[in-house]
Amino acid sequence: MVAAHGGTVSGEHGDGRARSELLPTMYSPELLRAFAAFKHVFDPDDRFNPGVITNPEPLDAGLRPGPGRDALPISPAHALTRDGGSFAAAVHRCVGVGSCRDLRGGAMCPSFKATRDEVHSTRGRARVLAELLRGETLPDGWRSEEARDALDLCLSCKACASDCPVNVDMATYKAEFLHRHHAGRVRPLAHYSMGWLPVWARVATAVPGAGALLARRPVAAVAKRLAGVEPRREMIRFAPRTFRSWFRERPAAGAGRPVVLWPDTFTDHIEPGVGRAAVEVLEALGHRVLVPPGRVCCGLTWHSTGQLGVTRRVLRHTLDVLGPALDAGLPIVGLEPSCTVMLRDEARELLPDDPRAAALGGLVTTLAEIVAGHDGDWPFTELDASAVAQVHCHQEAKGTYAPDLAVFERLGVRPDVIGSGCCGLAGNFGFEPGHWDVSQACAERELYPKVRTAADGALVLADGFSCRTQIAQGTPRRALHLAEVLRGALPDR
């Protein structure tokens, strides 16, 4: 019928096995013989795509009874609410466009840009997961070692969630796969160390001298080996005093518009100076800063290692603690971009039936958004400085850097924004054995060279703890959080 109306039976992807048998309805026998003769010049043994176009097999020749594309039994997903909660539907979002293979720039798929291997692209990983679901070439299902290896170098940067034309969110798929792959089995050591970092951080800061002891070179080497951490990485240094401890002992804040400052693990236990700076900045803007009365956590480290059951329990406890703030509709200011994304977006994905999770997502804001939206007296002096700015990959994928740029403009800071995406450390990724080369290759694309060649007076800006750690361990410079920059712009600072 199509040929009778002057149309073509071919789709945009060509003819293939489904349509090669139909080509005589479009082309004359002479032209088909010419096709075959032309192909024979380059492929005399008919090794390339036998049975297609020039010697077509019947279109139903390859049909066989099989398990179907969604053969693997799939229980309701733990990390997906889009696509009807179906892992299969989510994976089949990928239609093979290949934007993830663009080497000219952009943030998507830093591991592919480092290895140039198709399996390390978003498209390649989606194809592997599709094979896993079909159960034909990867018959081990969720236990598949091939699928685990294909996902191993995914940095969970989430760039594909926004840069991919069909929004394939490989970071979420990886968390879901790891959850199922390791269910009921012993996990890699890094999942117990880096994945449970909030717990170990509390232990390290609760025991006097523990942080200093772990920082000593011989002890650090043993600790890294026991924790399954890449030996070339420097040990995380825990602060001798937490941010929450400092906040409890400072004089009570006076009147002002109340905001809740989120005490993420990195700010509370590793770099409390960022939290102290944020408090001073918010108070200078006229806010009364509150901190949650109990232990809270967004569950980020458990989520990134696929420990989704723990993540959900942690989030439910957090919602219990935040109950009064949620009821009052108080803004919740996040300092760590990855934690902010967890609270804004992932909590709703993981707890779709809990209205508190949706309420939380609507109240979470960033420090830059608070400062950029301030309509009162401007308490900061102009800095007149150039800067190299590393945008956290989660912020770029799930948020916006526009408020930060607006604040920098008002401060007189001229940022050179890194355009290549993830810094390469990406939370637990850069600390796990086998990831060192890719982690460094990601940083060497743009971040390291620009930081190393920055002028002596230039600022280095990075709100993400991972980004600051990567810069500190790979260059001679120290990166600043926006809170530290703003505190430095306050009079008499």
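Axes here are lines fitted to C-alpha atoms, for helices over the stretch in contact, and angles run from 0 to 180 degrees between N-to-C directions. With that settled, I can start on the helix pair. Keep in mind throughout that this is a predicted model.

The pair is helix H17, residues 308-321, and helix H20, residues 355-363. Their axes lie 10 Å apart, and the packing angle is about 70 degrees. Angles from 65 to 115 degrees count as roughly perpendicular, and H17 and H20 are therefore roughly perpendicular to each other. Which residues make the contact? On the H17 side they are Arg316, Leu319 and Asp320, and these meet Arg356, Ala357 and Leu360 of H20. By type, the contact residues split into 3 nonpolar and 3 charged, with no polar ones.

Next, the sheet. It is an open sheet of 3 strands, in the order E6-E5-E7, and the pairing is parallel. Strand E6, 413-417, and strand E7, 459-462, are the edge strands; each has a single partner strand, so one side of each has no neighbour in the sheet. From one strand to the next, the twist averages 30 degrees.

Looking at one pairing in detail, strand E5, residues 385-390, runs parallel with E6, and the two are joined over 5 bridges. For a landmark on your screen, serine 386 is found opposite arginine 414 of E6. What packs on this sheet? Helix H23, residues 402-411, does, and it touches E6 and E7. The direction of H23 makes about 140 degrees with that of E6.

Last, the cavities. How many are there of 30 Å³ or more? The count is 6. The largest cavity holds about 180 Å³ of space. It is lined by 20 residues, and those closest to its centre are Gly334, Pro337, Thr340, Thr366 and Gln395.

Of the elements, H19 gives the most, with 5 residues. As for composition, the lining of the largest cavity has 6 nonpolar, 7 polar and 7 charged residues.

Note on methods
Residues numbered from 1 in each chain as written. Predicted model: local features only at pLDDT ≥ 70, side-chain atom pairs only at ≥ 80, totals over all residues. Heavy atoms only, no water. 1 Å grid on protein atoms, 1.4 Å probe; cavity = no way out; pocket = protein on both sides within 12 Å on 5 of 7 lines; lining within 4 Å. Points joined across faces, edges and corners; volume = space filled by probe spheres on them. Helix = DSSP H or I, 4+ residues; strand = E, 2+ residues; numbered from the N terminus. Nonpolar A, V, L, I, M, F, W, Y, C, P; charged D, E, K, R; others polar. Parallel < 35°, antiparallel > 145°, perpendicular 65-115°, else oblique. Contact = heavy atoms within 4.5 Å. Pairing = 2+ DSSP bridges.
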